[in-house]
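Thank you all for coming; I would like to walk you through one model this morning, going from the whole chain to a few individual residues. Please have the sequence and the structure open while I talk.

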Amino acid sequence: MSLWRLWRAWLVHSLSQLLLLLLSLSPKQTEAHPQCLDYKPPFQPQEPLVFCKEYAKFGCCDLDRDSQISQQFYQIMDYFDHSGYMACGKYIRSIMCQECSPYAAHLYDAEDANTPMRQLPGLCRGYCYDFWHQCRYSLSLLTNDNITSIIEEDREKFCDHLELKDPEYCYPNVLSSDELNANLGNVQADTKGCVQLCLQEIANGLRNPVAMIHADDGTHRFFVAEQLGYVWVYLPNGSRVDRPFLNLTKAVLTSPWAGDERGFLCIALHPRFSMVKKAYVYYSVSVKKQERIRISEFTLSDSDMNMLDHSSERTLLEVVEPASNHNGGQLLFGLDGYLYIFIGDGGRAGDPFGQFGNSQNKSTLLGKVLRIDVDNNDNSVPYTIPSDNPFVGDKDARPEVYAYGVRNMWRCSIDRGDPITSKGRGRMFCGDVGQNKFEEVDLIEKGGNYGWRAKEGFSCYDNKLCLNSSLDDILPIFAYPHKLGKSVTGGYIYRGCEMPNLNGLYIFGDFMSGRLMSLKENTDTGKWDYTEICMGKDKTCRFPKLINSYYKYIISFGEDEAGELYFLATGVASAASRRGVVYKIVDPSRRAPPGKCSNKPAPVQIKGKLIHFYPKEEFVINKKPTTTAAPKIKATTKPSLTTTQAKARPTRKLPTVKPPVNPTQAPKPNPLTPKPRKAIPKPQIPTPKPTFRPVTTNPAILRRQQTLAVTVRPPLGQTTTMRLGYLTTLRGKLFQTPAPSHTTRPPTTPRRATTPNMVHPSTKMPHIPSNIHPDWAPSVTTPRPVYWTPAFKPTSKTHQPNYTLPKSEQKPQETTEGKSDHPEDNARKRGRGKGRKRGKGGRRRSGQVRLVSVDNRSDRGRVEIFIKGEWGTVCDDLFNLKAAAVVCRQLGFPTVIRVAKRAELGPGSNDVSIFLDDVECEGTERTLLHCKRSKLGKHNCSHEEDVGVVCGYEESAVE
C-alpha cells in the first residue's frame with residue numbers, strides 16, 4: 001500500500017510539473033494600454049519633435065509641448081557646471097521626456113482620472129539606484145515634494161519614492177519590452193486577429209432606431225429616425241430637442257411585433273439642405289387595405305430650423321408591396337446630386353413573382369435601385385429622369401431603374417474618399433440580405449445586375465437562371481454564410497479624422513448575430529480582406545466615457561458631419577421597446593494629433609427645450625474588480641444576448657457582444673483570464689563610479705540666499721513649486737506664450753546660474769552622513785552641488801485661499817426662469833430672515849464660486865457658482881484662461897494653471913442646475929456674473945460639459 005501511495009504521489013507531482021511547463025511555454029499576450037496624461041490615446045505628431053526625439057513618431061507630445069519641456073530642461077541645467085551637465089543631463093532629460101511616452105499615463109499612475117498623479121514617472125529600481133548615485137540632489141529641481149530633502153541621503157527611501165513596482169512598465173524597461181512595443185500605434189487585435197475597438201454611448205431610450213443622418217450645414221447636428229415614425233434632432237453635445245423633427249406616427253404602417261420590417265425606414269436630407277431645405281422619407285403605408293411603400297418630400301419649417309413643415313408633404317412615388325417583408329428602405333443622395341432609392345423584391349421566399357421574379361424584371365420597380373432627379377420640381381412633376389440613366393431608351397424597362405437583381409438591400413452608403421488622395425470617392429456600398437445561405441456586400445454600378453434570384457452570394461439559388469449565359473451579373477465584393485449571421489446590415493467606409501488607423505476600413509454588421517465586421521481593400525489584388533471586430537477588453541478600453549459592450553440587434557450605421565462612424569442597435573427588436581442605443585465606434589490605439597480634428601459647430605436656434613443626455617452603461621474606467629459573488633437582484637426580462645457576459649450590477653447591463661466562432665478558426669481563449677506578468681530579476685548594482693563631483697558650498701550660506709517660491713507649469717498644468725533661486729527666469733504670467741525652445745547645444749563651457757546673489761563655490765567637502773551605504777562611504781558620496789537648498793516650507797507669508805469646500809447641498813433643482821440676471825437684484829428680493837446662509841465665510845453672495853473635486857483639493861475642481869440661494873455649474877463653451885483668472889482670484893489664488901473642459905474634473909449631479917454658458921471675460925471682472933455671457937439659466941449644454949479650473953500661486957522675489 002505504501003508503494004502505491006508513493007507511486008501516486010510521484011505521478012501527481014510529475015503531472016503538475018508538466019502542466020507548469022506547458023503553461024510557461026504557452027504564448028503570452030500583453031494587455032498593453034498606451035495612454036497619455038490627458039487620459040486619451042497617443043498620436044503621431046504633425047511636426048517632428050526636436051527635444052524628445054525618441055517619441056517623434058508616436059507618443060503623447062506635440063511640437064509645442066516638446067518645446068516647453070526643452071525650455072524647462074535648459075532652465076534647470078543652467079544651474080549645473082559642465083561636469084554636472086554631463087553627468088545629470090541625460091537622467092533629467094530622460095525623466096522629463098517620459099511625459100511624451102505612449103505609456104505616460106501608466107508611468108505617472110494617471111490611468112484613473114480620479115486618483116492622484118505622480119509628479120515624476122515611475123522608475124525601475126536599478127535605474128533609480130544609478131540616478132541616486134549620480135544626481136540625487138537634483139530631485140528637488142524636478143518636483144515640489146518637500147519629502148525630497150528627507151530621502152536624498154537614503155538610497156532605499158529615495159528609490160521607494162520613485163520606483164514603479166510594475167517591472168514591465170517602469171522606465172526604462174518599458175522601452176525595451178518587445179511585447180509592449182510590438183505593433184504600438186496600430187489597431188490592436190487578439191491572437192486570432194480580431195480587431196479590438198471600443199464604443200461611446202451617444203443616445204439611448206430609442207424605439208428601433210433605423211437611420212442616422214446629418215445635415216452637412218456646419219451645425220454638426222445629427223438626426224435619428226425611429227421605426228414608429230419619429231425623427232429626432234441631436235446637438236453635438238448629445239442633447240436632444242424635445243420636439244420631433246418629423247412625426248409621421250399616424251401615417252406609418254408598423255406594429256409592435258418583434259421583427260416587423262414595415263414602418264418608417266429612412267430619411268435623407270437634400271445635399272444642399274442649408275439652401276434647398278428639403279427632406280425625403282421612405283415609409284410603409286396602408287392605402288385601402290393595400291400595403292405600399294411611399295417616398296415623400298417635406299420642406300423645412302419657416303419658423304423652426306429643427307422641424308419640418310408637416311403640411312408640406314408631397315408624395316413622389318408609391319410602390320405596391322405584395323407582402324409585408326422585403327421592403328428595402330434606403331434613400332441617399334449620390335455625389336451627382338440625384339436621389340437613389342433601394343426597394344426590396346416584394347417579399348415572400350425566393351422572389352416567386354413571374355417567370356424570373358421581380359428582381360430580374362426591369363419593367364417593375366421591385367428589387368431595384370432607382371435614380372431620380374428631385375431638383376427644380378416645385379412647379380412641375382414630382383421628379384424627372386436623369387438623361388444618363390442606363391435604361392432610358394429600353395421600352396421594356398422603367399426609366400427610373402439604375403441597377404437590378406437585388407433582393408432586399410438594407411443600408412447603403414457613399415464613400416467620401418481618402419482625405420488626402422480622394423481615392424474611392426463616390427463609391428456606393430450596400431448590404432443585401434440573403435435567403436437561405438449567404439449574406440453579401442455589393443458595390444453598386446450603373447446598369448449592374450446583382451444576380452438575385454439566379455444567385456445568392458457567390459452560389460446559385462435558381463440553377464436554371466444561374467446557368468443562363470445572358471445573366472452577366474456582378475459578383476459581391478464579400479459574402480458570408482449563415483453560420484456567421486443571417487441578416488447583413490450595410491455600413492460605411494471610415495473617412496473621419498479622429499481615428500487615422502481606421503481610414504479605408506469598411507465597417508458593417510449583422511442584425512441577427514450581432515457580429516461587427518470589417519473589409520479592407522487590397523490595392524494589389526483588388527480583393528477585400530475580411531477582419532472580425534471584437535470589443536476590447538477592460539484594459540484596452542480603459543479611457544474616459546468608453547464602454548466595451550452593446551446590444552445585439554444591429555439595425556443601422558451612420559456617420560456624422562465630420563465623418564466619424566456610429567451604429568444603431570437595440571436589445572429588443574420591437575418598434576415599441578425603448579432599448580435602442582446609438583454607439584460611436586472608437587479606436588483606442590491611436591488618435592489624431594491635438595487640434596487637427598477640432599470643429600466649431602455653427603449655432604443652432606432652439607425652440608422648446610433640450611433634453612440632456614445621460615449614458616446608462618457603466619464606463620470601463622469606472623468598473624471595479626470584484627473578488628466576491630455579485631449580489632442577487634430581482635430577475636427582469638432580458639433581451640436576447642450573445643455569449644460573453646458583463647459584470648452583474650443592479651442597473652441596466654449591456655452584454656459584450658461576442659459573435660459565434662468562425663468555423664474556420666479555432667476557439668478563442670477566455671478574454672477574462674489575466675496574463676501572468678514575467679518576473680524581472682532584481683538588478684545587480686555594480687560598484688558605483690561617480691562622474692559628477694560638482695563644487696560644494698555651505699548649506700547655511702545657500703539658505704541665506706533663499707527667495708520666494710516660483711510657480712512653473714510642468715506637464716499637464718500641475719503646479720510645481722521650485723525652491724529658492726532655481727528658476728528665477730520663469731516668473732511671469734502663466735498664460736503667456738512660452739519662449740521658443742532651445743535647440744540641442746553641447747555644453748562647451750561650464751554652466752553657471754544667473755541668479756544675482758549666486759554663491760561662490762567652496763572647497764570645503766561636506767560631512768558624510770552615517771547612514772550612507774558602508775561600501776560607498778570613503779569617496780563615493782555625491783557632494784551637495786551649488787544648486788542645493790533645503791526644502792521650501794510654506795510660511796504665513798504664503799498666500800493660501802481662505803476657503804473650505806462646503807458639503808454638497810441636497811436640494812431639488814429650481815428653475816431660474818423669470819429671475820433677475822443681475823447679482824445685485826438678489827439682495828433686494830430677500831425678505832427678513834430668508835435667503836441667508838451663514839457659515840465660516842459669512843453670508844454667501846451671488847457670484848461666489850467654489851471648486852468641487854472628488855479628492856477635496858482646494859486648488860482644482862469643477863467650477864460652481866452661487867446664485868439665487870443655490871449652487872450651480874458653468875458650461876465650458878468659450879470659457880478660457882481669462883474667465884478662469886476671475887474664478888481663481890475670487891478664491892485667493894494669484895494664478896491660473898489651466899482650464900479643464902468636458903467635465904474632466906467631474907460632472908455635476910442631476911440635481912445641480914446649470915447657471916452659466918458662453919462665458920467670456922476680460923480677466924478683470926469681480927465675478928463671472930459681470931462677464932459677457934448668456935442669460936442666466938439659458939444654456940445649450942449638459943453636465944458632461946461642466947468646466948473646471950486648476951489654480952496656483954505666483955509670487956515676486958523679495959528684494
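This is a predicted model: local features need pLDDT of at least 70, side-chain atom pairs count only at pLDDT 80 or more; totals for chains, interfaces and linings use all residues.

Residues are numbered from 1 along each chain as its sequence is written, and side-chain values use heavy atoms, with hydrogens and water left out.

The protein chain holds 15 helices and 36 strands, where helices (H or I, at least four residues) and strands (E, at least two) are DSSP runs numbered from the N terminus. Of its 959 residues, 54% are buried; buried means under 20% relative accessible area, exposed means over 50%, and partly exposed is in between, with a 1.4 Å probe and protein chains only. If we take contacts between residues at least 6 apart in sequence, 66% of them join residues at least 24 apart, a contact being heavy atoms within 4.5 Å.

Now to the helices. Two packed helices are described by the angle between their axes and the distance between the axes. Here the axes are lines fitted to C-alpha atoms, for helices over the stretch in contact, and the angles run from 0 to 180 degrees between N-to-C directions. For helix H2 (residues 63–77) and H3, the axes come within 11 Å and cross at roughly 150°, and the two helices are therefore roughly antiparallel to each other. Helix H3 (residues 82–97) also packs with helix H5 (residues 125–135), their axes coming within 10 Å and crossing at roughly 135°, so that H3 and H5 are oblique to each other. As for the cut-offs, angles under 35 degrees count as roughly parallel, over 145 as roughly antiparallel, 65 to 115 as roughly perpendicular, and the rest as oblique. On the H3 side of its contact with H5 we find Ala87, Cys88, Lys90, Tyr91, Ser94 and Ile95, and these meet Tyr127, Asp130, Phe131, Gln134 and Cys135 in H5.

Let me move on to single residues. Glutamate 532 sits in strand E24 (residues 528–535) and counts as buried because its relative accessibility is 7%. Its side chain makes a polar contact with the side chain of arginine 515, at 3.0 Å; a polar contact is a pair of N or O atoms within 3.5 Å, where, within protein, one must be able to donate a hydrogen and the other to accept it, and residues adjacent in sequence count only if both atoms are side-chain atoms.

Lysine 446, by contrast, belongs to the loop between strand E17 (438–443) and strand E18 (455–456), and is partly exposed, with a relative accessible area of 46%. A polar atom of the lysine 446 side chain lies 2.8 Å from the backbone oxygen of aspartate 388.

Finally, the backbone. Most residues other than glycine have a negative phi, and most peptide bonds are trans. Histidine 326 has a positive phi, near 55°, and at 5% relative accessibility it counts as buried.
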